[in-house]
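Please keep the sequence and the 3D view at hand while going through the points.

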Amino acid sequence: MTAFDLHALTFARSFAVIAKAERMISDEDAILRGGAGAEGGAAPEVDDLPGLEELPSLGEYLAAASEPAPQPPPPAQPALARGVIPKLDHLPKPSKYTVERGDSPRALAEPFAEKALPLAPPPDPAAFAATMNAAFPWAREVNEAYANALVGSPFAALPPRILVGGAGSGKTSWARAAFEAAGLPSTLYSAAGVADGGTFSGTSRQWSSWRLGVSLQALLRAQAASAGIIIDEIEKGTHDRRHGRLDETLLAFLERASTARRIFDPALECEVDLSGVSYILTANDLAGLSRPLLDRAPPIAWPMPRREDLPLVAGRILADLRRERGLAEAWLPDLDGQELDLLSDRWRGGSLRPLRRLVEAVVAGREAFARSLPN
């Protein structure tokens, strides 16, 4: 096609030269007959012929032909979304007053029925690992294990695992940070003292105290199809089956295959899609937990913080105190070298709870010293 265009360009420019010569001859004939345009009007100007004088030169054409052709924009990627709640026409239609109060399962869930809710996009595994390693350097193996599980994931989802480690070692804080790094809103569900673990899946509509399942409630709060649930201290839940054991109730929710797409909610009396919900469980030990739970959420050892992690861990504790008290960094500055040395003499690793009390004591000492200074 380029060779053909070059021939066409050469012919067009030749025709333009011939047209100019014909105009000159026509002008000479007109002068000999008594003046240009005296009879029959003026000859048409070649410049008026469209496209002849505007033809590019050969060099201009070749320069333009060598430029890459503009590429069409890439097609827009479809947004990640998934339907969670199906049509609810099988439930009684709520009155206007019930809708305003949200006093029925249908009134509460119908705004989300038959709608595709957004899924969180998959995070970059390398960025996830870097973020978690910077915040929890003593748990590098755990960070890498979860980062590897993110490879190839179609949306943000963390695999169900039980973090097993000593009390106060930062397991719950890690779970919150992991969901945040993955772009998932998180809900903390404490299993300690739960006597009716069966209510995790929801309470039947036949009771006045009906409730949607914990996972479905988390999705409705986030108005999304993906979220994170932290089951804290799972081993401390009841082992009595009369009202449901929590470790057994969780079995269907922890399935990563098609089972989680068809979870029956007793309040809505239909199946809902909870496959976008991720779960992280914590435990101090595995005593009393059912074998099927350990099969669906394999335990992973959680290490204790080390003495060399003191500056980072103490800084995180101080940042938590700032958020709790609503103070800016200028009013509660970072710990200095002398304060860190004082803490290192009394905390040599292990549980973070004693370290938090030590940091609080240092902050209290600052405030007491500031009050003793003259105004």
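This is a predicted model: local features need pLDDT of at least 70, side-chain atom pairs count only at pLDDT 80 or more; totals for chains, interfaces and linings use all residues.

Where is the place of E269? E269 sits in the loop that runs between strand 6 (263-265) and strand 7 (270-272).

**The chain as a whole**

- The chain contains 13 helices and nine strands.
- Of its 375 residues, 39% are buried.
- The accessible surface of the chain is about 21,200 Å², and carbon and sulfur atoms account for 56% of that surface.
- When contacts between residues at least 6 apart in sequence are considered, 77% of them join residues at least 24 apart.

- Five strands make up an open sheet with parallel pairing, in the order 4-5-8-3-9.
- Strand 4 and strand 9 (299-301) are at the edges; each has a single partner strand, so one side of each has no neighbour in the sheet.
- On average, neighbouring strands of this sheet are turned by 25° against each other, direction ignored.
- Strand 4 (residues 186-190) pairs with strand 5 in the parallel sense, over five bridges.
- Two of the residue pairs between these strands can be named: T187 has I229 of strand 5 as its bridge partner, and Y189 stands opposite I231 in strand 5.
- Strand 5 also pairs in the parallel sense with strand 8 (residues 277-283), again over five bridges.
- In strand 8, L281 is the bridge partner of I231, and L281 is also the bridge partner of I162.
- Strand 3 (residues 161-164) runs parallel to strand 8, and four bridges join the two.

- Strand 5 (residues 227-232) is mostly covered, with six of its six residues buried.
- A227, I229 and I231 point one way from strand 5, while G228, I230 and D232 point the other way; all are buried.
- Strand 4 has one covered face, made of T187 and Y189, and one uncovered face, made of S186, L188 and S190.

**Helices beside the sheet**

- Helix 7 (residues 171-181) packs on the sheet and touches strand 3, strand 4, strand 5 and strand 8.
- The direction of helix 7 makes about 165° with that of strand 8.
- Helix 8 lies across strand 4, strand 5 and strand 8, and runs at about 140° to strand 5.
- Together, strand 4, helix 8 (residues 214-222) and strand 5 form a right-handed β-α-β unit.

- P105 is located in helix 4 (residues 105-109).
- Why does P105 count as buried? Its relative accessibility is 4%, and the cut-off for buried is under 20%.
- Apart from neighbours within four places in sequence, P105 is in contact with R205, W210, A267 and L268.
- P105 and W210 are 105 residues apart in sequence, and their C-alpha atoms are 7.9 Å apart in space.
- D247 belongs to helix 9 (residues 246-249) and is buried, with a relative accessible area of 4%.
- The side chains of D247 and R245 are joined by a polar contact of 2.6 Å.
- A polar atom of the D247 side chain also lies 3.2 Å from the backbone nitrogen of S290.
- Not counting residues up to four places away in sequence, D247 touches I234, G288, L289, S290 and L293.

- Most residues other than glycine have a negative phi.
- Q223 is not a glycine, yet its phi is positive at about 50°.
- Q223 lies in the loop between helix 8 and strand 5.
- E269 is likewise a residue other than glycine with a positive phi, near 55°.
- Is E269 buried, partly exposed or exposed? With a relative accessibility of 33%, E269 counts as partly exposed, because that class lies between under 20% for buried and over 50% for exposed.

Notes
Residues are numbered from 1 along each chain as its sequence is written. Side-chain values use heavy atoms; hydrogens and water are left out. Buried means under 20% relative accessible area, exposed over 50%, partly exposed in between (1.4 Å probe, protein chains only). Two strands pair if DSSP finds at least two bridges between them. A crossover is right-handed if, with the strands pointing away from the viewer, the path from the first strand over the helix to the second runs clockwise. Contact means heavy atoms within 4.5 Å. A polar contact is a pair of N or O atoms within 3.5 Å; within protein, one must be able to donate a hydrogen and the other to accept it, and residues adjacent in sequence count only if both atoms are side-chain atoms. Axes are lines fitted to C-alpha atoms, for helices over the stretch in contact, and angles run from 0 to 180 degrees between N-to-C directions. Accessible areas come from the Shrake-Rupley method with a 1.4 Å probe; for residues, only the protein chains shown count as cover.
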